[in-house]
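Visitor: Please show me the model, and then take me through its geometry.

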Amino acid sequence: MAILHILHYPDERLRRKAVPVTSFGPPLQRLISDMLETMYDAPGVGLAAPQVDVDQRLLVIDISEDRSRPLCLINPEILECSDSEQMEEGCLSVPGVYEKVERAAWVRVRAQDRDGTSFELEADGLLAVCIQHEIDHLEGKLFVDYLSSLKRKRLDKRLDKMRRHNM
Ligand code: NI
């Protein structure tokens, strides 16, 4: 297994639309294991393939306290959603930034597991938020896109300063 490099906003590669996974062989199994290891190492509760520069429709999530319940969604689709709530979100591709985002409070999702078997999942709370956040990554969308333009401008300035500081 290996820790993969996570792309950071505003890297344009995070904006690509990912393509469906069609092959469930050893390379995909290795990628899933590496993505889980990368997510646990970061640490984070979710990671989508585009964040590690792989433009495939695949994401991993683990919201359990003891990091023992990995969830892998391949080619996920939101079938139904309802209500909305605001929750503070962060993203491994936008380190150090936490902002409130409004999303559906409940979702029903269809996806394939790592063997290619189709399944459905209902989620609310943090898991629902996490699933929507990670599916956005597959569309080239980031949580900062939901912020008001004023907040976004402030954020870009702050990140710019951080980058110059680190150079
Ligand atoms: Ni993210």
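The questions below go through the metal site, the strands, the backbone and the surface.

Visitor: What kind of model is this, and how are residues numbered?
Guide: This is a predicted model, in which local features need pLDDT of at least 70, side-chain atom pairs count only at pLDDT 80 or more, and totals for chains, interfaces and linings use all residues. Side-chain values use heavy atoms, with hydrogens and water left out, and residues are numbered along each chain as its sequence is written, from 1.

Visitor: Which protein atoms are the donors of the nickel ion?
Guide: Donors are N, O and S atoms within 2.8 Å of the metal (3.2 Å for Na, K and Ca); water is not among the atoms, so sites may look incomplete. At 2.1 to 2.2 Å from the nickel ion, the protein donors are Cys91 (SG), His133 (NE2) and His137 (NE2).

Visitor: What spacing do the donors of the nickel ion follow along the chain?
Guide: Helices (H or I, at least four residues) and strands (E, at least two) are DSSP runs, numbered from the N terminus. Cysteine 91 in strand 3 and histidine 133 in helix 2 (residues 125–138) are 42 residues apart, a pair that links distant parts of the chain. The spacing of the donors is C-x41-H-x3-H.

Visitor: Is cysteine 91 buried or exposed?
Guide: Buried means under 20% relative accessible area, exposed over 50%, and partly exposed in between (1.4 Å probe, protein chains only). Histidine 133 has 6% and is buried. Cysteine 91 has a relative accessible area of 11%, so it counts as buried.

Visitor: How many bridges pair strand 3 and strand 4?
Guide: Two strands pair if DSSP finds at least two bridges between them. Strand 2 (residues 58–61) and strand 3 (residues 71–91) run antiparallel with four bridges, and isoleucine 61 has leucine 71 as its bridge partner. A hairpin of two residues leads from strand 3 to strand 4, and methionine 87 has its bridge partner in strand 4 at valine 101. Strand 3 and strand 4 (residues 94–112) are antiparallel, and their number of bridges is 13.

Visitor: What is omega for the cis peptide bond that joins alanine 42 and proline 43?
Guide: Another cis peptide bond runs from tyrosine 9 to proline 10, with omega near 5 degrees; proline 10 is in the segment before helix 1 (26–41). Proline 43 sits in the loop between helix 1 and strand 1 (46–48). For the bond between alanine 42 and proline 43, omega is about -15 degrees.

Visitor: What is the distance from the backbone oxygen of aspartate 34 to a polar atom of the side chain of threonine 38?
Guide: Threonine 38 lies in helix 1 and is buried, with a relative accessible area of 2%. The distance from the backbone oxygen of aspartate 34 to that side chain's polar atom is 2.6 Å.

Visitor: Where is isoleucine 63?
Guide: Isoleucine 63 is partly exposed, at 34% relative accessible area. Its place is the loop between strand 2 and strand 3.

Terms used: Polar contact = N/O pair within 3.5 Å; in protein donor to acceptor, adjacent residues only side chain to side chain.
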